[in-house]
Amino acid sequence: VDMGASLLTGLARCLGRVQTWLIAFYMLFLLPPMFAFGSLWGVPYLIQMHGFSRPDAAFAMSLILLGWGFLAPVVGWLSDCWGRRKPALIVAAAGNLMTMVALFYVPDLSKAMIYGILAVNGIVSAGMVVSFPVGREHNDIRDAGAAMAIVNVGVIAAGAIFQPLVGWLLDCHWSGGIANGVRVYDQAAYNGAFWVFPVSCMVATILSLFIRETGAKAQVSGT
């Protein structure tokens with residue numbers, strides 16, 4: 001009972017800090033390109049709009065995760081060494097915004113250019129890992145677990161909200177095409193749904209400007 005009460009008290013303290021909310025919402029709006037586009041809608045988009053084969057489209061999407069996977073430990077290490085958190089957050093959001101705009105609105109992209117854009121997207125997305133220490137450092141040391149759990153709710157919500165949202169928008173603009181029992185969306189349908197990605201990244205970029213730098217130093221208990 002005491003442990004449960006302590007956990008609830010810690011959650012309440014974390015939720016009472018504006019910075020905790022900013023970081024959680026930052027993650028919510030930063031990650032739709034990875035979770036909704038890269039993990040779900042990107043493959044059919046590349047197949048239908050850019051003529052990719054399914055294996056090539058799947059490989060292209062994997063570049064997002066590969067870039068993130070290789071660079072995330074490096075970004076975390078550099079952030080610790082430099083004692084700076086905020087630059088990684090800004091670069092992750094602004095980089096996501098620029099790559100999403102390039103992918104959806106630059107005409108006549110070659111396959112190589114699409115591969116490059118998605119790889120860069122994964123690389124800049126690596127900055128998101130800094131959100132977890134930032135969430136911890138903006139709260140009491142005793143509330144570290146609760147703080148990171150709240151930040152992680154933003155991560156989970158990004159997929160839970162934006163995957164079905166994009167699907168619903170696609171269906172709203174669907175022209176009725178079906179191939180092999182699967183709905184086929186045209187450019188108008190993708191335009192009517194994929195604006196969500198750059199807009200969400202723009203929101204994340206704005207939020208990143210209001211997240212305070214911690215200097216990689218945690219709050220002292222009771223402050």
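Which residues touch the most other members of the largest nonpolar core? They are Tyr 26, Phe 37, Leu 46, Leu 103, Leu 118 and Phe 194, out of the 58 residues that this core holds, where a nonpolar core is a set of buried Ala, Val, Leu, Ile, Met, Phe, Trp, Tyr and Cys residues joined through side-chain atoms within 4.5 Å. Helices α2 (18-30), α3 (32-50), α4 (54-82), α5, α6 (111-125), α8 (144-172), α9 and α10 each supply at least two residues of this core, and the largest share, nine residues, comes from α5. Helices (H or I, at least four residues) and strands (E, at least two) are DSSP runs, numbered from the N terminus. Apart from this core lies another, of five residues, among them Cys 14, Ala 24, Ala 146 and Ala 147. In soluble globular proteins, nonpolar side chains tend to be buried together.

The model is a predicted one, in which local features need pLDDT of at least 70 and side-chain atom pairs count only at pLDDT 80 or more, while totals for chains, interfaces and linings use all residues. Residues are numbered from 1 along each chain as its sequence is written, and side-chain values use heavy atoms, with hydrogens and water left out. The pLDDT, which is the predictor's confidence in each residue on a scale from 0 to 100, averages 93 over the protein chain, and 96% of the residues score at least 70. Confidence is lowest in helix α1 (residues 2-15), where the mean is 77, and highest in helix α10 (residues 196-210), where it is 98.

Tyr 26 counts as buried because its relative accessibility is 0%, buried meaning under 20% relative accessible area, exposed over 50%, and partly exposed in between (1.4 Å probe, protein chains only). Leaving aside neighbours within four places in sequence, Tyr 26 is in contact with Leu 89, Ala 92, Ala 93, Ser 131, Ala 204, Leu 207, Ser 208 and Ile 211, contact meaning heavy atoms within 4.5 Å. Tyr 26 and Ala 158 are 132 residues apart in sequence, and their C-alpha atoms are 10.0 Å apart in space.

Phe 194, another of those core residues, touches Phe 37, Trp 41, Tyr 45, Phe 104 and Val 166 when residues up to four places away in sequence are not counted. Phe 194 also lines the largest cavity, together with Tyr 45, Phe 104, Tyr 105, Gln 187, Tyr 190, Asn 191 and Trp 195. A cavity is a set of points, on a 1 Å grid over the protein atoms alone, where a 1.4 Å probe fits but cannot get out, and lining residues have an atom within 4 Å of a point. Grid points are joined across faces, edges and corners, and a volume is the space filled by probe spheres set on the points. The count comes to one cavity of 30 Å³ or more, and the largest cavity has a volume of about 40 Å³. Helices α5 (86-105) and α9 (187-194) each supply at least two residues of its lining, and α9 gives the most, with four residues. By class, the lining has six nonpolar, two polar and no charged residues; Ala, Val, Leu, Ile, Met, Phe, Trp, Tyr, Cys and Pro count as nonpolar, Asp, Glu, Lys and Arg as charged, and the others, Gly among them, as polar.

Beyond residues up to four places away in sequence, Phe 52 touches Leu 46, Ile 47, Ala 57, Ala 60, Lys 111, Ile 114 and Tyr 115. The C-alpha atoms of Phe 52 and Lys 111 are separated by 8.1 Å, although the two residues are 59 apart along the chain. Within helix α3 itself lies Gly 38, which is buried at a relative accessible area of 16% and touches Pro 33, Met 61 and Ile 64, again not counting residues up to four places away in sequence.

Two loop residues remain to be considered. Asp 108 is found in the loop between α5 and α6 and counts as exposed because its relative accessibility is 75%, whereas Asn 180 sits in the loop between β1 (178-179) and β2 (182-183) and counts as exposed at 83%. Phi is near 55° in Asp 108, a positive value in a residue other than glycine, and phi of Asn 180 is likewise near 55°. Most residues other than glycine have a negative phi.

Note on methods. 1 Å grid on protein atoms, 1.4 Å probe; cavity = no way out; pocket = protein on both sides within 12 Å on 5 of 7 lines; lining within 4 Å.
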